[in-house]
Amino acid sequence: IAFLQDNIDISSEAISTAGGSLLVNPRYLDFERIEVVKGPQSALYGRAAFNGAINYITRDPGDTFEFEISGDGSTAAGSGNNAYSTKIALGGPVSDTFGLRASATYWDEDGYYNNPFTANNNLGGGDGFGLSLKGVWKPSGALTIKSRLSYADDNYEQRPAAFMPYNT
């Protein structure tokens, strides 16, 4: 399937996150909506959309000033499997024809697997942060110019692995 962000193909052959490609991490996007199209869509989205497409549409700055902050967390009692994330976004008009929207997020997850060889330390966690800035300029009713800059930094711990001996 093809992965798109604001109608731009960002598909890659290396899938790094569930629901994303190497070039997109859905954790960092300031979503307006997600469009999912099933079936052959090569005519609309290019050759990568042989089985469908997922288009992540990011939010534009609104006509009024907006400020959003959210957070979530979970703790599994006694297991040390904690997960936290926070998001903040603000935006609005700068002038009659230009608007900006900025967003940031931070996440931290302990591992989901206990390693019995290292005193039950967790494996598979990570942390990271992301920033984005989107500008929309409407010089006339028939022309809209959009630009988006983003940066993300993820740090993942070692993933769990198991050796299964084969005996004949």
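The model is a predicted one, so local features need pLDDT of at least 70 and side-chain atom pairs count only at pLDDT 80 or more, while totals for chains, interfaces and linings use all residues. Residues are numbered from 1 along each chain as its sequence is written, and side-chain values use heavy atoms, with hydrogens and water left out.

Salt bridges come first. Side chains of opposite charge can pair when their charged atoms come close. With a salt bridge taken as a side-chain nitrogen of Lys or Arg within 4 Å of a carboxyl oxygen of Asp or Glu, the structure holds 10 of them. Arg59 takes part in a couple of these contacts: Arg59 pairs with Glu66 at 3.7 Å between the closest N and O atoms, and Arg59 also meets Glu68 at 2.7 Å, N to O. Glu66 has another partner in Arg101, where the closest N and O atoms are 3.1 Å apart. That pair ties together distant parts of the chain, with Arg101 in strand 7 (residues 98-109) and Glu66 in strand 5 (residues 66-76), 35 residues apart. Strands here are DSSP runs (E, at least two residues), numbered from the N terminus. Through shared partners, salt bridges join Asp30, Arg59, Glu66, Glu68 and Arg101 into one network.

How covered up are these residues? Buried means under 20% relative accessible area, exposed means over 50%, and partly exposed is in between (1.4 Å probe, protein chains only). Arg101 counts as buried, because its relative accessibility is 2%. Arg59, at 22%, is partly exposed; so are Glu66, at 23%, and Glu68, at 32%.

Next, the backbone. Most residues other than glycine have a negative phi. Asp6 is partly exposed at 23% relative accessibility, whereas Asn7 is exposed at 53%.

A cavity is a set of points on a 1 Å grid over the protein atoms alone where a 1.4 Å probe fits but cannot get out, and its lining residues have an atom within 4 Å of a point. The structure holds 1 cavity of 30 Å³ or more, and the largest cavity has a volume of about 40 Å³, a volume being the space filled by probe spheres set on the points, which are joined across faces, edges and corners. Its lining includes Asp30, Arg59 and Arg101, and strand 7 and strand 10 (126-140) each give two or more residues to it. The lining has no nonpolar residues, 3 polar and 5 charged.

Finally, the surface carries a nonpolar patch of Val94, Phe98, Leu100, Leu133, Trp137, Leu143, Ile145 and Leu149, with about 700 Å² of accessible area together. Such a patch is made of nonpolar side chains joined within 5 Å, from residues with over 30% relative accessible area and no salt bridge. Strand 11 (143-156) is among the strands that supply at least two residues, and strand 11 gives the most, with 3. Leu149 is found in strand 11 and counts as exposed at 59% relative accessibility.

Technical notes:
Helices (H or I, at least four residues) and strands (E, at least two) are DSSP runs, numbered from the N terminus. On a 1 Å grid over the protein atoms alone, a cavity is a set of points where a 1.4 Å probe fits but cannot get out, and a pocket is an open set with protein on both sides within 12 Å along at least five of seven lines; lining residues have an atom within 4 Å of a point. Ala, Val, Leu, Ile, Met, Phe, Trp, Tyr, Cys and Pro count as nonpolar, Asp, Glu, Lys and Arg as charged, and the others, Gly among them, as polar. Patches are made of residues with over 30% relative accessible area and no salt bridge: like charges are joined within 9 Å, nonpolar side chains (Val, Leu, Ile, Met, Phe, Trp, Tyr) within 5 Å. Accessible areas come from the Shrake-Rupley method with a 1.4 Å probe; for residues, only the protein chains shown count as cover.
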